[in-house]
Protein chains: 2
Amino acid sequence: MAKEKKLVEAITSMDTDFAQWYTDVVKKAELIDYTSVKGCMAIKPAGYALWENIQRELDRRFKETGVENVYMPMFIPESLLQKEKDHVEGFAPEVAWVTQGGLNPLQERLCVRPTSETLFCDFYANDIQSYRDLPKLYNQWCSVVRWEKETRPFLRSREFLWQEGHTAHATAEEAEERTLQMLNLYADFVEEFLAIPVIRGQKTEKEKFSGAEATYTIEALMHDGKALQSGTSHNFGDGFARAFNVQYTDKDNQLQYVHQTSWGVSTRIIGGLIMVHGDDSGLVLPPKVAPVQAMVIPIQQRKEGVLAQAQRMKEALAEAGLRVKLDDTDKSPGWKFAEQEMRGIPIRVELGPKDIEAGTCVIVRRDNGEKITVPIAEAANRAAELMESIQEDMFARAKAHLDSHITDVKSYPAFKDAIENKPGFLRAMWCGEEACELKIKEDTTATSRCMPFEQEQISDVCVCCGKPARKLVYWGKAY
Amino acid sequence: MAKEKKLVEAITSMDTDFAQWYTDVVKKAELIDYTSVKGCMAIKPAGYALWENIQRELDRRFKETGVENVYMPMFIPESLLQKEKDHVEGFAPEVAWVTQGGLNPLQERLCVRPTSETLFCDFYANDIQSYRDLPKLYNQWCSVVRWEKETRPFLRSREFLWQEGHTAHATAEEAEERTLQMLNLYADFVEEFLAIPVIRGQKTEKEKFSGAEATYTIEALMHDGKALQSGTSHNFGDGFARAFNVQYTDKDNQLQYVHQTSWGVSTRIIGGLIMVHGDDSGLVLPPKVAPVQAMVIPIQQRKEGVLAQAQRMKEALAEAGLRVKLDDTDKSPGWKFAEQEMRGIPIRVELGPKDIEAGTCVIVRRDNGEKITVPIAEAANRAAELMESIQEDMFARAKAHLDSHITDVKSYPAFKDAIENKPGFLRAMWCGEEACELKIKEDTTATSRCMPFEQEQISDVCVCCGKPARKLVYWGKAY
């Protein structure tokens, strides 16, 4: 009964308070719980199952491109972190420090990895000798720690789960190619598997990763019009290689520095999944990532034959390839519907005595509420088809939302007006100077999200300073 | 060439120096590398692929019993660690402490989890309300840290990967049943998948887990006659529940404490895999866990048709369900053989111009060196059959080794003689007093490994003190 009560309390409406709606959903869909460790969350089975599905699919796509998994230590000695100047400046202020091991103080502090470039470089310095050892295409699945002041489940927590790929190549061209390959792999994965459309582009100098030559990003738009950086891929050139002395002997027996990349996607993307697809009844999951794709819910289940028929329905759906569960608890059908909706399960199959008499059942889509009456014998095939159309429709809906929330602006007053009154991305020209990014951020809180791969010249001058325009930029308020 | 050179240097023979042989194998089979972080290792692709296979199979077996995966924070506040008295005494001396987060000292120290009982209890205290919430069958895959002084790859490192299951039950009986279920699941997994026979039993009071009522263990015997604890399962009774106030309302609306278990297997088991099956040519992997099961090695590969035939062979083996690779590098066949042997790949398929002319190929088993000439058209089926027989033969060989290294002893002089001169397990009766365990350890360095489930009375008196015997115990020197 305790559990049911939680559901009765309706969640906050998205339009009333989006932040509160988000918090309500992650709690009531049982994705996470807060812990006694400030800023760290417990990921519950429903939340972790999402991460497992994301992991499995990403890992498969990585391996298809030749990536191998490894595992590096979770600690970084302070002297190692300090080897690359920009990198340490970017990360040192937000790391957790281990100062004591067992009963003794450490001679050198260790930070808990916020990211592992330094460890991979230290490793590659030994592991790479000759051009025959290249490329190295390594990835690891692990947790990292960044001592954030303000935290929110999935979006920003002191510890989070992610994967970090780290590659080493013989040439600058190969490194750039791999950087873009992984960015596109992320974009395809997020669009095809999570049904979230993204903008692909490059970060400005100001927004790039500490120590990178170039950072590429995919940016998604949440329901409230704010952006979420959903995956990044960095080209390091030979900067880290020089700092860590990662060299190889080329075919002419000359020593050369390697060129490196890194790329990562984290549990943050689950926050995006919630904020792109969710509604006032809770989570809405695209079928491909949904741990449970169909819930069979018997009506008047004590009547003879109902439970048996529901069980057969579950088996038929499983045979058709669906991840399916049967809710035969003693809760009322209404409760069961509310739970299935809160958890974002793509369809439910309702089956009661009248349906059975008529030889039919009712399939209800979570994404649009549509009810379909189908013959029991056809339900499994129909459900399997629905998995595909729901996935497609959810992407199309999110794409329409994204497209209708992009505003082109050509003057600074128009920029300031739009950022307040038209939630979403603003497209505006930029002179290339950090000063304008800083001014825009101070005036509006918006940041440059990316310089999209598909560049256009929508005006001749920078939207902020009026100097000649160099780049089209997507701007927005962001998580 | 650098890589090939490493292989030329023959590894130390097992009989000359087993410890050095072990270190040589983990390095030269490229399972791990040392890092700048003292006591922590980098797990390389060949090593991590073993862990991925172990994970996949264990995870599947867990889920079949209803277990769900979750993720708890990696940090434990000092006050939380201290809540269960025995537990904190056992672990506090060997944890790493985080004392600073970002630029500020922490108000309360956090330890990096050495194990997560305290976090799960803290979580369950909120998550469990009613008997309807039970049982909770949670597991997590993560890394843990114990500040060991002496470290060895896989066997004892400051950070290691593992899974830790934590369950909560309504009754003591259910908890005991789950504890034994998981111990048996581990034993079956280790025997069936890793081809390592184990002794199943219970730890003595002295050797049990800090805070447990009972600890069950599987103990394996390494090639050198030393024991390796390979998996443990703990019944906590309601001790942690009382310390953390984890209560539920039963059907009669009464508050009750839950009964808990925990159980874990770690990357340590990879050390066991090496030390049970390895030989003087390197690693020997059972087919089920081997990341690569067959290596196709062309002979005189520059001769026309050889590489094409080798490629077809690879495809035929892959179609037969094997994980197969083709070594078409420009190394000599001898090098390729040595590499395949060092890496423990279960079979290689040799294919040269003469073989092709005769329509045959040569399959060489890694486990016993046997060479089999088979028609090319039959190679794939034959290789698939070999996967099964190699797996069985490796288990049988390890079982014979175990059985022939168990010595029954009935007097203390016999005990001391056997522990020096007959490597392996000693079976001897014990009075049940910790004093005898301490004396035996001081006199011989042997410890009580377990009280086996299959008890016999091989003598009436304790092997150490001569008082009445209460339990048959397996004793041994251990890793």
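1. Helices α10 (residues 306-319) and α13 (residues 379-403) of chain A, in this predicted model, have axes that come within 9 Å and cross at roughly 50°. The two helices α10(A) and α13(A) are therefore oblique to each other, and their crossing is right-handed. On the α10(A) side the contact is made by A:Met313, A:Ala316, A:Leu317 and A:Glu319; on the α13(A) side, by A:Ala379, A:Ala380 and A:Ala383. Sorted by class, the contact of α10(A) with α13(A) has six nonpolar residues, one charged and no polar.

2. Chain A as a whole has 15 helices and 23 strands. Its C-alpha trace spans about 80 × 60 × 45 Å along the principal axes of the chain. The radius of gyration of chain A is 25 Å, which agrees with the value near 23 Å that a compact globule of 479 residues would have.

3. Of the contacts in chain A between residues at least 6 apart in sequence, 68% join residues at least 24 apart.

4. In chain B, one position may be checked by eye. B:Ile54 sits in helix α3 (residues 45-64) of that chain. B:Ile54 counts as buried because it has 23 C-beta neighbours inside 10 Å, the cut-off being 20 or more. Leaving aside residues up to four places away in sequence, B:Ile54 touches B:Ile269 and B:Val289. As for B:Asn368, which is 314 residues from B:Ile54 along the chain, the C-alpha atoms of the two are separated by 24 Å.

Definitions and conventions
Residues numbered from 1 in each chain as written. Chains lettered and ligands numbered in written order. Predicted model: local features only at pLDDT ≥ 70, side-chain atom pairs only at ≥ 80, totals over all residues. Helix = DSSP H or I, 4+ residues; strand = E, 2+ residues; numbered from the N terminus. Rg over C-alpha atoms; globule rule 2.2 N^0.38 Å. Contact = placed C-beta atoms within 7 Å. Buried ≥ 20, exposed ≤ 12 C-beta atoms within 10 Å, placed from the backbone. Axes fitted to C-alpha atoms, helices over the stretch in contact; angles between N-to-C directions. Parallel < 35°, antiparallel > 145°, perpendicular 65-115°, else oblique. Left-handed = near helix turned anticlockwise from the far one by under 90°. Nonpolar A, V, L, I, M, F, W, Y, C, P; charged D, E, K, R; others polar.
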